[in-house]
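Here are my notes on the model, point by point. Please read them with the coordinates open.

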Amino acid sequence: MTKARNLSGVNLVKSATAPSSPAAGDQWFDTTSNVTAMKVYNGTAWKLMSELPSYSVDFLVIAGGGAGGYDQGGGGGAGGYRNSYLSETSGGGGSSEASISLQGSTSYTITVGAGGSGVTSGNSNNGVDSSISGTGLTTITSIGGGRGGLYNTSGNSGSGGSGGGDAGNGGTAGVGTANQGFAGGNGVTSAGGGGGGASAVGVVGIQNTRGGNGGNGLASAITGASVTRGGGGGGNALGYTAGTGGTGGGGTASNDHQQGTNGGDGTANTGGGGGGTWDVSGGARTGNGGSGVVILRMPTASYSSTTTGSPTVSTNGTDTILIYNASGSYTG
């Protein structure tokens with residue numbers, strides 16, 4: 001007999017005899033001759049996967065946003081945005097996706113990506129992917145947002161869910177991912193472009209005038225109230241007006257070239273991109289990207305109440321909604 005424990009705390013056993021003292025959700029690969037099959041304990045008995053009830057679940061999966069760039073830095077791109085609720089669109093102009101089917105007593109891993117970390121010099125960082133994964137499910141992955149570009153370094157801005165804006169004297173901005181987000185804005189002399197957002201390309205900086213604004217995010221009512229997420233970060237301009245963050249959590253760039261002014265951070269759990277900054281000697285930090293979020297909406301009659309990671313649980317009509325602001329799991 002072999003035995004392991006997966007990241008969600010569910011026992012995985014491979015043996016010819018059923019494990020003793022199982023807990024609901026434990027999985028057993030039955031190696032008995034002519035019966036080889038994966039089974040799940042439903043709290044009272046071992047059941048074949050095919051015997052477990054399944055039900056439809058809607059999702060909104062947003063990755064962590066990219067950090068803003070340094071030294072006339074471009075804005076960070078928003079985290080990738082994937083949505084299946086009603087007819088609401090996904091990022092990058094994508095259509096609403098099909099809902100997923102979850103199976104009873106099966107554990108699904110929820111991963112919430114962190115925002116990219118800002119820096120006080122050099123290259124900043126992309127955001128981290130968010131996902132839903134589990135046995136029998138095609139993994140839903142949203143890609144972390146691209147970092148904002150660094151001054152005078154063409155092509156340095158990051159591609160991702162949405163692309164990072166390029167920096168002053170840079171060039172082409174980072175690109176977004178199809179059906180998740182848009183590209184960042186290009187940099188020009190003395191002005192960085194805005195980071196791409198879920199619903200719009202980042203704005204190109206204006207020479208000797210201002211940094212580019214971040215692309216706007218998208219609104220979703222999957223929780224019962226309309227909330228906008230996935231905004232790109234604003235680009236910085238040397239001594240000129242800062243680019244503002246896009247709606248949906250994008251951070252605004254630092255406003256001028258005075259030492260010690262940090263770029264604005266993307267808002268937590270929106271996947272917003274961080275704002276760019278200029279300071280090359282005073283220790284100012286580029287804006288951090290905002291962390292992502294994973295939201296599930298399902299019929300209350302099907303909701304199992306078995307979770308880890310402390311999601312926020314609420315109801316709307318006949319549905320139950322789980323908001324994961326940090327990684328965890330859900331057992332169907």
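1. R82 counts as buried, because its relative accessibility is 16%. Buried means under 20% relative accessible area, exposed over 50%, and partly exposed in between (1.4 Å probe, protein chains only). The side chain of R82 meets that of E97 in a salt bridge, at 2.7 Å from N to O. R82 sits in strand β7 (residues 81-83), and E97 in the loop between β7 and β8 (100-103). The two are 15 residues apart, so the pair links distant parts of the chain.

2. A word on the basis. This is a predicted model: local features need pLDDT of at least 70, side-chain atom pairs count only at pLDDT 80 or more, and totals for chains, interfaces and linings use all residues. Residues are numbered from 1 along each chain as its sequence is written, and side-chain values use heavy atoms, with hydrogens and water left out.

3. How many salt bridges does the structure hold? There are three. The criterion is a side-chain nitrogen of Lys or Arg within 4 Å of a carboxyl oxygen of Asp or Glu. One of them joins R285 and D265 at 2.9 Å, N to O. Both residues lie in the loop between β13 (227-229) and β14 (293-299), 20 residues apart. R285 is partly exposed, with a relative accessible area of 23%. D265 is also partly exposed, at 38%.

4. R297 and D319 form another salt bridge, again listed at 2.9 Å, N to O. R297 lies in strand β14 and D319 in strand β17 (residues 319-324), so this pair ties together parts that are 22 residues apart in sequence. R297 is buried, at 6% relative accessibility. D319 is buried too, at 19%.

5. Overall fold. The chain has zero helices and 18 strands. Helices (H or I, at least four residues) and strands (E, at least two) are DSSP runs, numbered from the N terminus. The C-alpha trace spans about 75 × 40 × 30 Å along its principal axes. Of the 332 residues, 54% count as buried.

6. Contacts in sequence terms. Contact means heavy atoms within 4.5 Å. Among contacts with a separation of 6 or more, 48% come from residues 24 or more positions apart.

7. The largest nonpolar core has 19 residues. A nonpolar core is a set of buried Ala, Val, Leu, Ile, Met, Phe, Trp, Tyr and Cys residues joined through side-chain atoms within 4.5 Å. Those with the most contacts inside this core include I100, I132, V294 and Y324. Two or more residues come from each of β6 (54-62), β8, β9 (107-111), β11, β14 and β17. β6 gives the most, with four residues. In soluble globular proteins, nonpolar side chains tend to be buried together.

8. Y324 deserves a look. Not counting residues up to four places away in sequence, Y324 touches, among others, I110, V112, V294, L296, P311 and Y330. A second, separate core of 11 residues includes Y81, A198, I295 and I323.

9. Beyond four places in sequence, S254 is in contact with N236, A242, T261, N262, G263, G276, T277 and W278.

10. Backbone checks. Most residues other than glycine have a negative phi. N269 has a positive phi of about 60° although it is not a glycine. N269 is in the loop between β13 and β14 and is buried, at 18%. S305 also has a positive phi, near 70°. S305 sits in the loop between β14 and β15 (306-308) and is exposed, at 51%.
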